[in-house]
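Biologist: Please take me through the terms used for this structure, one at a time. I would like to see each label set against its definition.

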Amino acid sequence: MALFSICDIQEKFRPAIHEYGKVISTAQKVLRASATLKIPVFATTQNAARLGPLCSELSIPPSAFHANKTAFSMMVPSLRSALSSENSSSYQVAIVGIETHICVTQTALDLIAQGHKVYVLADGVSSCNEGERGIALRRLEGEGAVVTTSEGWLYECMGDASIDEFKEIAGLVKETKEKTSEAVQALCKL
C-alpha cells in the first residue's frame, strides 16, 4: 500500500529553503495524484506554535492525517499509531518536504528500520543549504531508500496504463510538465 508523506512544508521556511517554490509545486502535484489514486496522505508540522502552519497552497485534504511535532522524524507516536491502524505491515512511503538532511532523513531512516519501502522524491525535497541535499540523498540511497522523481513514483504506483485512473494522472503530468521540468532541473542534481 502506498502512502504520501509531507514533511514540514511550512510558510515560515519559505525564505530560507533552497528552491522552496519547486518543493511546493511538486507536493501540490503529488497531492492531486494521491486524491485520484486514493493514496492516503500524512503531513507534519514542526513546532507549529512557533513555526506556523503548512503552506496554504498545499490544500491538504480533510482526510489527511496531520501531526504537529518537535521531534525531527515524522514518526511520532500518533503517526506510528495511524500507520498500524491501516491494516498493513509494510508500506511504500513517498516523502517530500524539508529539510532533506534533517527531518526527511530521520523520517526515512525510521521508516526503513520499521520495514517500509521509502521513496524520497528528489524534486520535492530541499534544505536551507543547497549542498546538504545531495549528501543526504546519497546517504539515504545507501541506507535503502529509493531516490526518484515524483513522476517516476506516480507511474510506479499506477503500474499499468490500463487502470481507470491512468488518463487523469497522464493529464496531470502533462499539465504540470513545465513546473516538473523546472523542479527536476533545480533539485535533481545528485
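Modeller: What follows is a set of questions about labels, each answered from a value and a cut-off.

Modeller: This is a predicted model, in which local features need pLDDT of at least 70 and side-chain atom pairs count only at pLDDT 80 or more, while totals for chains, interfaces and linings use all residues. Residues are numbered from 1 along each chain as its sequence is written, and side-chain values use heavy atoms, with hydrogens and water left out.

Biologist: Why are H1 and H8 called oblique to each other?

Modeller: Helix H1 covers residues 20-37 and helix H8 covers residues 177-187; they pack at an angle of about 130 degrees, with axes 9 Å apart. Helices (H or I, at least four residues) and strands (E, at least two) are DSSP runs, numbered from the N terminus. Axes are lines fitted to C-alpha atoms, for helices over the stretch in contact, and angles run from 0 to 180 degrees between N-to-C directions. Under 35 degrees counts as roughly parallel, over 145 as roughly antiparallel, 65 to 115 as roughly perpendicular, and the rest as oblique. H1 and H8 are therefore oblique.

Biologist: Which residues make the contact of H1 with H8?

Modeller: H1 brings Lys22, Val23, Ser25, Thr26 and Lys29, and H8 brings Lys179, Thr180, Glu182, Ala183, Ala186 and Leu187. Contact means heavy atoms within 4.5 Å. By class, these residues are four nonpolar, three polar and four charged. Here Ala, Val, Leu, Ile, Met, Phe, Trp, Tyr, Cys and Pro count as nonpolar, Asp, Glu, Lys and Arg as charged, and the others, Gly among them, as polar.

Biologist: What makes H1 and H6 roughly parallel?

Modeller: Their axes come within 11 Å and cross at roughly 10 degrees. H1 and H6 are therefore roughly parallel to each other. The contact joins Thr26, Lys29, Val30, Ala33 and Leu37 of H1 to Ser150, Glu151, Trp153, Leu154, Cys157 and Met158 of H6. Seven of these residues are nonpolar, two polar and two charged.

Biologist: Why is H6 described as roughly antiparallel to H7?

Modeller: H6 and H7 pack at an angle of about 175 degrees, with their axes 11 Å apart. That value makes H6 roughly antiparallel to H7. In the contact are Glu151, Tyr155 and Met158 of H6, with Phe166, Ile169, Ala170 and Val173 of H7. The contact of H6 with H7 has six nonpolar residues, no polar ones and one charged.

Biologist: Is Glu151 buried, partly exposed or exposed, and how do you know?

Modeller: Glu151 has a relative accessible area of 31%, so Glu151 is partly exposed. Buried means under 20% relative accessible area, exposed over 50%, and partly exposed in between (1.4 Å probe, protein chains only). Glu151 lies in helix H6. Leaving aside neighbours within four places in sequence, Glu151 is in contact with Lys29, Val173 and Thr180.

Biologist: And what is the label for Ala48?

Modeller: Ala48 has 26% relative accessibility, so Ala48 counts as partly exposed. Ala48 is in helix H2. Not counting residues up to four places away in sequence, Ala48 touches Gln10 and Asn68.

Biologist: What makes Ser59 exposed?

Modeller: The relative accessible area of Ser59 is 57%, so Ser59 is exposed. Ser59 sits in the loop between H2 and strand E3 (65-69). Ser59 also has a positive phi of about 50 degrees although it is not a glycine.

Biologist: What is meant by a nonpolar core?

Modeller: A nonpolar core is a set of buried Ala, Val, Leu, Ile, Met, Phe, Trp, Tyr and Cys residues joined through side-chain atoms within 4.5 Å. Of the 34 residues in the largest one, Phe4, Ile6, Ile9, Tyr20, Leu58, Leu121 and Trp153 touch the most other members. H1 gives the most to this core, with eight residues. A second, separate core of 25 residues includes Leu83, Val93, Leu111 and Ala122.
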